[in-house]
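Visitor: I would like to learn how to read a few features of a model. Where do we start?

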Amino acid sequence: MELTSVLFEISCIFLVGVLSGFLGSLFGIGGGLISTPIITIAFGLDIKYSIGASIIVVIATSSGAAVAYLKDNVLNLRAAMFLELFTSIGGVCGALLIGVFSPFILYLLFALMIIISIFNTIKKIYTEKNNLSEDVSPSKASLYLNLNNSYYDDKLKRYIKYNVTNVGLGSIIMFGAGIASGLLGIGSGIFKVIALDSVMKMPLKVSSATSNLMMGVTAAASSIVYFIRGQILPQIAAPLSLGVVLGALIGSRVMPKLEPRLIRILFVPIMLFFSVQMIIKAFMGV
Amino acid sequence: MKSSSNKNNNIELKISIIMRVGVCLSVMIMIFGIVLLLFCPKEYSYPEVISIKYLYESLIILDPYSIILLGIFILIITPIVRVIASIALFLLEKNFLYAIITVAVLLILIISFVIALFIR
């Protein structure tokens, strides 16, 4: 175990972490879908260790980003907790349903859903003029649950009040995202952002931050199991999570300063990357 | 409406402090472990099960891998500590609706942990 080669490996993993944490906190996704293919291909890691590392990436992104987001109130804590109910119940159901549904169909289904939202996102890029969600009227459910809030938009330099709607449909999608997580071991951050942003009409920045928070909670429970089973390799997970925390700290500071339109534009290639991954996973039976 | 948004900002501020402490602690311990590993290189033993007993025994002899694992463990439980703290803070602010919601989330997490441990 030569020192320089070990240092080199650790630094590479660290950089992969920074990238994953940065993109994860920017878009409200876990970052696992970014780091896992890179680490698995570069290091030829066994699948169970890859999933272990991926879960740690999700938690590290979530915690690293939450530090910045909670302060700026870009986070909707109540929405996160309420919707987390559905996601975690979905997670339990998903884990129980392993072996019942064919992963092939599921991966293709998710790839299809992501491709549909790519078209949706592109449409939004061209049609959404102000990107201000101030003209959404609150639904009765959102009023009762006190989900409507305001956040300080760093780019526009003012508080923006927003309302939330379609709570029921949003909850169902969160439940579905939870099932996806439990069944396939993915973070499902991408579906959470879609639910919050497109369905519940939450501003994109708040959706991203809220999704981040939710994912940390969901990932934490299952990651303890991986930890106990020794499926988290310290020599991989540590430099990875250190990088992710740094990336997430940077990303969560940058994200509020960007125009939502720009975030959407950057999100499209990422979504494309994910849907390709899903299709590959479907056919590889992994 | 202003007073309730102030109350909520208060909760969020306190929770962010907990997150910061958890992340800082975890990062520092992981860095310490990695530095130790670089100075005294060892091969990883790939234990089958990482129990409290295993951690205790290997931390005492300053096994760098176990120190790193400790840091990872603190990172993992930080979101859970945050959920528990949210419950306490919601109760303090007399927000019973969300205290109950968050308790329910915690219960479901515990259930999912138990299921994952015994069924898979």
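Guide: With a strand pair: Tyr152(A) stands opposite Tyr159(A) in S2(A). This is a predicted model, in which local features need pLDDT of at least 70, side-chain atom pairs count only at pLDDT 80 or more, and totals for chains, interfaces and linings use all residues. Residues are numbered from 1 along each chain as its sequence is written, chains are lettered from A and ligands numbered from 1 in the order in which they are written, and side-chain values use heavy atoms, without hydrogens and water.

Visitor: How many bridges join strand S1 of chain A to strand S2 of chain A?

Guide: Strands (E, at least two residues) and helices (H or I, at least four) are DSSP runs, numbered from the N terminus; two strands pair if DSSP finds at least two bridges between them. Here 5 bridges join S1 (residues 149-153) to S2 (residues 158-162) of chain A, and the two run antiparallel. They form a hairpin with 4 residues between them, and Lys157(A) in the turn has a positive phi of about 60 degrees.

Visitor: Is Thr102(B) buried or exposed?

Guide: Buried means under 20% relative accessible area, exposed over 50%, partly exposed in between (1.4 Å probe, protein chains only). Thr102(B) has a value of 0%, so it is buried. Its place is in helix H4 (residues 96-119) of chain B.

Visitor: Which residues does Thr102(B) touch?

Guide: Contact means heavy atoms within 4.5 Å. Not counting residues up to four places away in sequence, Thr102(B) touches Met81(A), Val83(B), Ser86(B), Ile87(B) and Phe90(B).
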